[in-house]
Amino acid sequence: MKKLKEILSKTLSPEEISYIYGSYDIVGDIAIIRVTENSKKYSQRIAETIMRVHKNVKTVLAQTSPVLGDFRLRKLEHLAGEKKTVTVHKESGCLFTVDVEKCYFSPRLFYERKRIAELVKNKETIVNMFAGVGCFSIVIAKNSNVNKIYSIDLNPTAVQYMQENIRINRVYGKVVALEGDAKEIVQKSLCAIADRVLMPLPEKALEYLPYALIALKNSGGWIHYYAFEHATKEENPIEKGKAKVAERLETLNTNFEIQFGRVVRATGPNWYQIVLDISVKK
Ligand SMILES: C[S@@+](CC[C@H](N)C(=O)[O-])C[C@H]1O[C@@H](n2cnc3c(N)ncnc32)[C@H](O)[C@@H]1O
C-alpha cells in the first residue's frame, strides 16, 4: 500500500505533511485515517486524495479516538464518499463482512492469521477465545483441515457478523460462533476439548490464561498468546512478554515451553504487539 505522506506530497506542503499520521488502513472499500489536532483542517483534502489514488475506496473515515472498551471499538467520523461503515474485506481467500464502527477489525493482522492457519494440523479442535467477526477462525477453516473452531465473542454485533461470515465463506459446522464471556463459556461448555487456543485480545490475555489452560485437552496443546509490551531500545519486548507469561504459568503449576515469539507490529513509540506460541503439557 502506498505511503500516505508519499501520495500527499503533491497536495500538501512539507510543513502540513509533517503533522499527519503516515499510515492508514483500507478495510474492504473503506479507508480509515488518523487525524491529529494540527492536521484536522486539511483532513478533507487528505480524504479526497486517498479516493483519487485508490479507485476502489468508496468511503474515507477519520478515527477520532483510540480503540476503547471491552468490545475494542473506535470512534469514527465521515470525511468523504458514501456515508457507510459496513464493508466486505478480502483476505487469504476469505470474505469478511464487518461494521468498522460496531466491531473490531484490523487488516494489519493478516500475516498472523495466515501464520496460525499454517500451524494447524489435521482434525484439530480449536478454541478462539476472542473471535471478533471470525477472521482468525475463518482463515484457519478455509486453509487447513481443522475439525472445529469454537469462536467466542462478547460483542453481540460482532457475533452476528461472524455468523454472516461463516455463511458467505461456507465454513458452517467448522466454525461455531458463541456469544458471551470466554471465561464463562470455556468453564461451562469447552473444558479439555482443544488442541489449540487462540487469545487475540492483548488487554485480557494474562487474566484469561487460566481459562485457556482449562480449554486445552488433558494431553496438552498450544496457546497463541497476544500481548502489548513496552520496551526501550535496550529492552526486548519478546523477552519481557515471555517473563510475564512464565511467571503466571509457573504459579498455575503448568508444564510449558514458549517455543516461538515475534513482534506482530509496533503500536506506538516503544510499544509493541507481540505473540508467543506456548506449548503446554498438562
Ligand atoms: C482485539 S479484538 C480481536 C478480534 C479478532 N480476533 C480479529 O483478529 O479481528 C478482541 C475481541 O474480543 C472481544 N472480547 C472482549 N472481551 C471478551 C470476553 N471477555 N470474552 C470474549 N470476547 C471478548 C471483543 O468484543 C473483540 O471483538
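Before reading any crossing, I noted that axes are lines fitted to C-alpha atoms, for helices over the stretch in contact, and that angles run from 0 to 180 degrees between N-to-C directions. I also kept in mind that this is a predicted model.

I looked up α4 and α5 and found that their axes cross at roughly 45° and come within 9 Å. Angles of 65 to 115 degrees count as roughly perpendicular and those under 35 as roughly parallel, so α4 is oblique to α5. The crossing in which α4 passes α5 is right-handed. On the α4 side I listed Glu112, Arg113, Lys114, Ile116 and Ala117 as making the contact, and on the α5 side Cys135, Phe136, Val139, Ile140 and Asn143. Sorted by class, the contact of α4 with α5 holds six nonpolar, one polar and three charged residues.

I turned next to the largest nonpolar core, which has 38 residues, and in which Val100, Val133 and Ile140 have the most contacts. The elements giving two or more residues to this core include the strands β2, β6 and β9 as well as the helices α4, α5 and α6. With six residues, α5 gives the most to this core.

Last, I checked α8 (residues 205-215) against α9 (residues 237-251), which pack at an angle of about 50° with axes 10 Å apart, and these helices are therefore oblique to each other. In the contact I found Leu206, Leu209, Pro210 and Leu213 of α8 with Lys244, Val245, Arg248 and Leu249 of α9. The residues of this contact divide into six nonpolar, no polar and two charged.

Technical notes
Residues are numbered from 1 along each chain as its sequence is written. This is a predicted model: local features need pLDDT of at least 70, side-chain atom pairs count only at pLDDT 80 or more; totals for chains, interfaces and linings use all residues. Side-chain values use heavy atoms; hydrogens and water are left out. Helices (H or I, at least four residues) and strands (E, at least two) are DSSP runs, numbered from the N terminus. Angles under 35 degrees count as roughly parallel, over 145 as roughly antiparallel, 65 to 115 as roughly perpendicular and the rest as oblique. Contact means heavy atoms within 4.5 Å. Ala, Val, Leu, Ile, Met, Phe, Trp, Tyr, Cys and Pro count as nonpolar, Asp, Glu, Lys and Arg as charged, and the others, Gly among them, as polar. A nonpolar core is a set of buried Ala, Val, Leu, Ile, Met, Phe, Trp, Tyr and Cys residues joined through side-chain atoms within 4.5 Å. Buried means under 20% relative accessible area, exposed over 50%, partly exposed in between (1.4 Å probe, protein chains only). A crossing is left-handed if the near helix is turned anticlockwise from the far one by less than a right angle, and right-handed if clockwise.
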